[in-house]
Amino acid sequence: MSDDTKTLLDYGAKDNYCIHVTDNNPGASSMLGEFEDVSKVEKYVMSDKDYDKRGDTFRKFRERQMAVNPNFKSHMGEVDKDHLKEEASKIEVGNRCETNIGGRRGEVKYVGKVVGMARGYWVGIKLDEPSGDSDGKVKGKVIFECGSKFGLFVRPDEVKVGDYPEIDEFDMDEDMI
């Protein structure tokens, strides 16, 4: 489309058409990756003083909520420092377990608070299969030892402990009807 005077209608485009545009101009900003690296974008910065002057901020909303209810917890995941302590006390390192969601099985390797994660108690699980999102470390600190993708941290109420042996995919008895 080299004629800038023509419209899309001149090229046969109709209502509800999907148009795919490819910029072949080697000097175009998009070809240089100018819009790919967000670190090159100048960020807007507002001082705390200016922010406090505004009335439509989350900070003001939270202050209003705290005035009405001192126990207000924001949506930002604020929980008590002993969140799920009672549930955690029923779980011991070495227990076999299964997650409530996904039915992933493994062995409990850690129970307690984890610096670098949300407040409250956590259970560190070494999974039987590499279906986790951790290697037992949180922000570089080793909480428990396991291979890459074999670790998982869940809240104590998201796991069941008991007789959960490793699943043998080749066990024919489980496949029988």
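**Charged pairs, strands and cores**

Me: What is the relative accessible area of Lys 113?

Reply: In this predicted model, Lys 113 is neither buried nor exposed, but partly exposed. Buried residues fall under 20% and exposed residues over 50%, so Lys 113 belongs in between, because its relative accessible area is 39%.

Me: Which residue meets the side chain of Lys 113 in a salt bridge?

Reply: A salt bridge requires a side-chain nitrogen of Lys or Arg within 4 Å of a carboxyl oxygen of Asp or Glu. Here the N to O distance is 3.1 Å, and the partner of Lys 113 is Asp 82.

Me: How many residues apart are the two members of this pair?

Reply: Lys 113 lies in the loop between β2 and β3, whereas Asp 82 lies in the loop between α2 (58–68) and α3 (85–88). The pair thus links distant parts of the chain, and the separation is 31 residues.

Me: Which residue does Arg 96 meet in a salt bridge?

Reply: The side chain of Arg 96 has an N to O distance of 2.7 Å to its partner, Asp 128. This pair also joins distant parts of the chain: Arg 96 is in strand β1, and its partner, 32 residues away, is in the loop between β3 and β4 (137–138). The partner is partly exposed, with a relative accessible area of 23%, and its name is Asp 128.

Me: Is Glu 98 buried or exposed?

Reply: Glu 98 forms a salt bridge with Arg 105, with the closest N and O atoms 3.0 Å apart. Arg 105 is also its bridge partner in β2. The limit for burial is under 20%; because the relative accessible area of Glu 98 is 14%, Glu 98 is buried.

Me: In which sense do β1 and β2 pair?

Reply: Strand β1 covers residues 96–99 and strand β2 covers residues 105–112. Five residues lie between the strands of this hairpin, where Gly 102 takes a positive phi near 95 degrees. Over three bridges, the sense of pairing is antiparallel.

Me: Which residue in β3 is the bridge partner of Tyr 110?

Reply: β2 and β3 pair in the antiparallel sense over six bridges. The partner of Tyr 110 in β3 is Gly 124.

Me: Which element gives the most to the largest nonpolar core?

Reply: This core has nine residues, including Ile 91, Cys 97, Val 108 and Val 159. Two elements give two or more residues to it, β3 (122–127) and β6 (151–154). With three residues, the element that gives the most is β3.

Me: What is the relative accessible area of Val 21?

Reply: Val 21 lies in the segment before α1 (48–53). Together with Leu 8, Tyr 17 and Ile 19, Val 21 forms a nonpolar surface patch with about 420 Å² of accessible area. Residues over 50% count as exposed, so Val 21 is exposed, because its value is 69%.

Me: What pattern does the chain follow along the sequence?

Reply: The chain has three helices and seven strands. Of its 177 residues, 22% are buried. Read along the sequence, the pattern is α-α-α-β-β-β-β-β-β-β.

Notes
Residues numbered from 1 in each chain as written. Predicted model: local features only at pLDDT ≥ 70, side-chain atom pairs only at ≥ 80, totals over all residues. Heavy atoms only, no water. Helix = DSSP H or I, 4+ residues; strand = E, 2+ residues; numbered from the N terminus. Buried < 20%, exposed > 50% of the residue type's maximum accessible area, 1.4 Å probe, protein only. Core = buried A, V, L, I, M, F, W, Y, C linked by side-chain atoms within 4.5 Å. Pairing = 2+ DSSP bridges. Patch = residues over 30% accessible without salt bridge, like charges linked within 9 Å, V, L, I, M, F, W, Y side chains within 5 Å. Areas by Shrake-Rupley, 256 points an atom, 1.4 Å probe, with all protein chains shown as cover.
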